[in-house]
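Please look over the sequence and the model before reading on.

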Amino acid sequence: MELNKECMYCMKDERRDNLMIEICELEVSTVFLFKEQTYTGRCNVVYKDHVKELFQLSHDELAVFMKDVKKVAAAVDQAFQPNKINYGAYGDTLHHLHMHIVPKYEGRENWGSTFEMNPGKTYLTEEEYHNMIETIKRAVGDYNVF
């Protein structure tokens, strides 16, 4: 596995841990819950190796990564029943392949427009984070990707 010492995902350091909580590992990625929960259930699916772009993956690697993304999106949909899920593969300042899974709810924050990256409005208690993580883990385990 390639590591980049400047990358919070590769180094698994406090920069990452200040923003998100690890939920589980999947086939080629690690799933995190954002601590900021304006978009209830917002997660991040982070590729295991330090890769900058989707096109740098082989066809097989891309298929498995997208299978992980699909599994998390389906789990979030099952767990929280959003009206829509937005996906974001950014990385202007953090060049490590990851996909934001952002549940959107009609009548709530940024419905009908692009989600705000870090609105800083909604934080949970430790118990609420724990319950949300367990709910997502169960839903991920329930979902079979062919």
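The points below cover the sheet, its helices, the aromatic pairs and a few single residues.

This is a predicted model, where local features need pLDDT of at least 70, side-chain atom pairs count only at pLDDT 80 or more, and totals for chains, interfaces and linings use all residues. Residues are numbered from 1 along each chain as its sequence is written, and side-chain values use heavy atoms, with hydrogens and water left out. Five strands form an open sheet. Y39, Y90 and F115 form one aromatic cluster.

**The sheet**

- The strand order is β1-β2-β3-β5-β4, and the pairing is antiparallel. Helices (H or I, at least four residues) and strands (E, at least two) are DSSP runs, numbered from the N terminus. Two strands pair if DSSP finds at least two bridges between them.
- The edge strands are β1 (20-25) and β4, each of which pairs on one side only.
- On average, neighbouring strands of this sheet are turned by 25° against each other, direction ignored. Axes are lines fitted to C-alpha atoms, for helices over the stretch in contact, and angles run from 0 to 180 degrees between N-to-C directions.
- β4 and β5 pair in the antiparallel sense over five bridges. G88 stands opposite H100 in β5, and N86 stands opposite V102 in β5.
- β3 and β5 pair in the antiparallel sense over four bridges. Here V46 stands opposite H98 in β5.

**Strand β5**

- Seven of the seven residues of β5 are buried, so the strand is largely enclosed by the rest of the structure. Buried means under 20% relative accessible area, exposed means over 50%, and partly exposed lies in between (1.4 Å probe, protein chains only).
- H98, H100, V102 and K104 point one way from β5. M99, I101 and P103 point the other way.

- Contact means heavy atoms within 4.5 Å.
- α4 also packs on the sheet, touching β1, β2 and β3. The direction of α4 makes about 25° with that of β1.

**Aromatic pairs**

- Rings of Phe, Tyr and Trp (its six-membered ring) pair if their centres lie within 6.5 Å; planes under 30 degrees apart count as stacked, over 60 as edge-to-face and the rest as tilted. By this rule the count comes to four aromatic pairs.
- One of them is Y39 with F115, an edge-to-face pair at 6.2 Å centre to centre with 75° between the planes. This pair links distant parts of the chain, 76 residues apart. Y39 is in the loop between β2 (29-34) and β3 (43-47). F115 is in the loop between β5 (98-104) and α4 (126-142).
- Y39 is buried, with a relative accessible area of 2%. F115 is buried too, at 7%.
- Y90 and F115 also form an edge-to-face pair, at 6.0 Å centre to centre and 65° between the planes. Y90 lies in the loop between β4 (84-88) and β5, so this pair ties together parts that are 25 residues apart in sequence.
- Y90 is partly exposed, with a relative accessible area of 41%.

**Charges over rings**

- A charge sits over a ring if NZ of Lys or CZ of Arg is within 6 Å of the ring centre and within 35 degrees of the ring normal.
- R42 lies over the face of F34, at 3.9 Å from the ring centre. R108 lies over the face of Y105, at 4.4 Å from the ring centre.

**Residue Q37**

- Q37 is found in the loop between β2 and β3. Q37 is buried, with a relative accessible area of 2%.
- The Q37 side chain reaches the backbone oxygen of R42 at 3.3 Å.
- Leaving aside neighbours within four places in sequence, Q37 is in contact with R42, T122, L124, Y129 and M132.

**Two exposed residues**

- T93 has its place in the loop between β4 and β5. T93 counts as exposed, at 80% relative accessibility. T93 and C7 are 86 residues apart in sequence and 10.0 Å apart in space, C-alpha to C-alpha.
- D142 has its place in helix α4. D142 is exposed, with a relative accessible area of 54%. D142 and A75 are 67 residues apart in sequence and 7.9 Å apart in space, C-alpha to C-alpha.

Key:
Polar contact = N/O pair within 3.5 Å; in protein donor to acceptor, adjacent residues only side chain to side chain.
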